[in-house]
Amino acid sequence: MSERHDATRRAIDAVWRIESASTVAGVARLVRDIGLAEELAQDALVAAMEHWPGEGVPDNPGAWLMTTAKRRALDHLRQAALHVRKQEELGADADARGDHVVPDIAEAIAEAEGDVIGDDLLRLIFTACHPVLPADARIALTLKLLGGLSTDEIARAFLVPEATLAQRIVRAKRTLTAAKVPFELPGPAELGERLGSVLEVVYAIFNEGYTATRGSDWMRLDLTQEALRLARMLCGLAPQESEVWGLAGLMELHASRAAARVDAQGRPVLLSDQDRSRWDHLLIRRGLAALQRAEMLAVQANHPLGPYALQAGIAACHARAPEAAATDWHRIVALYDALAQLSASPVVQLNRAVAVGMALGPAAALQIVDGLRDEPALQNYQWLPSVRADLLAKLGRHSEARAEWMHAASLAQNERERALLLDRAARVPPAPDAG
């Protein structure tokens, strides 16, 4: 009996991770309140825990959760409508009730019978990633509502206390309510800005998983997988948006290297040293196909490629090269030039310098990097001194290179990253400086 119960509990956990976003989105369309929608969806989850162990997992568990949650939503709306009528009967001042408008119950029932899950999920994504929220709140709320992760899982992923993360999510919901952010898709005038916020959040989640900011792990694959799932969802929900496909392609191509990015001991392996036979060629094919779709949509719209599609193009140059020496660095420099036209980010300029170093030599690249040393945004960015160290080492300026790698290690907050940089400093040959 216990084994059956455990199996059912695992099934419930798996179903919830897959179906929670759709369930919250469907309910939010009725109640127009994300916090309340999540509570009602959680009620449906509790009901599943009570019924499924004895009755068995239903044939369509997602539909069971949705139906149960919507019934609770309609009960809530009926109770709210009854409360309003009682207030009217008591002669309550109508103006005092202005902040408690209840959707028409007949309209809500009609909406509950509709099947517009795709639109509902889009509404949920755009609401969770609304620019009224600070970036950390958007990330936390998106992972909670759309990633299927628990508060504890998200807190552990970003190395913050669970209570801190929970408060961040609560404040985000309150902010959305206070700002009266509607649960709807943005109009054409604000779609670009809002879509940019959505893609920014998804990419931030992916980047934290791909190279963890802090902690003892170089990568957090659970986060990269959640970000990929969100990107694939967006491709299905917004198939005509070039940058959605560009971001999906970029992340698929980067994720294809995951198995080769660490050695057997979990230590980082740099791109130039990776065993490319360990790259995931299915992900590469998916990434190249997404990039091709992004390029086609940009041509059809008579628009230049956006920043995510350009970065996907850079990743594609690496993916197509059978070995590091075959990489088309001149093409990568050209793509970074195009990217720099769209973004004034000093990180883009630093990455461009790496490509210039490979295409035109370390001296040309060092000149670019030295011009970035006073950039405020790069003062605590470990990869600036790391890139400079690599260029100095190639130019034979070994003592300077060693000092730069030591400086980079002092800035790194990830333990694996710090060990990599210290190892590179230790491997600098003890030869006298050139010239």
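The accessible surface of the chain comes to about 21,300 Å², and 52% of this area belongs to carbon and sulfur atoms; accessible areas come from the Shrake-Rupley method with a 1.4 Å probe, and for residues only the protein chains shown count as cover. The model is predicted: local features need pLDDT of at least 70, side-chain atom pairs count only at pLDDT 80 or more, and totals for chains, interfaces and linings use all residues. Residues are numbered from 1 along each chain as its sequence is written, and side-chain values use heavy atoms, with hydrogens and water left out.

The chain has 19 helices and 0 strands, where helices (H or I, at least four residues) and strands (E, at least two) are DSSP runs numbered from the N terminus. Of its 435 residues, 46% count as buried; buried means under 20% relative accessible area, exposed over 50%, and partly exposed in between (1.4 Å probe, protein chains only). Among contacts in the chain with a separation of 6 or more, 66% are accounted for by residues 24 or more positions apart, a contact being heavy atoms within 4.5 Å.

Helix α12 covers residues 281-300, and at 1.5 Å a residue its 20 residues should span 28 Å, which agrees with the 28 Å between its end C-alpha atoms. The expected span is 1.5 Å times one less than the number of residues. Buried positions in α12 are Leu283, Ile284, Gly287, Ala290, Leu291, Ala294, Leu297 and Ala298. Seen down the axis of α12, these buried residues fall within an arc of 155 degrees, so they line one face of the helix; the arc is that of the directions from the helix axis to the C-beta atoms. The buried residues of α12 pack against α10 (221-237), α11 (242-255) and α13 (307-320). On the other side of α12, Arg285, Gln292, Val299 and Gln300 are exposed.

At the N-terminal end, α12 is capped by Asp280, a side-chain oxygen of which lies 3.0 Å from the backbone nitrogen of Leu282. After α12 comes Asn302, with a positive phi near 60 degrees.

Cys235 counts as buried because its relative accessibility is 7%, and Cys317 counts as buried at 10%. The structure holds 0 disulfides, a disulfide being a pair of cysteine sulfur atoms within 2.5 Å.

Asp13 lies in helix α1 (residues 2-31) and is partly exposed, with a relative accessible area of 39%. The C-alpha atoms of Asp13 and Leu45 are separated by 9.3 Å, the two residues being 32 residues apart along the chain.

Definitions and conventions:
A polar contact is a pair of N or O atoms within 3.5 Å; within protein, one must be able to donate a hydrogen and the other to accept it, and residues adjacent in sequence count only if both atoms are side-chain atoms.
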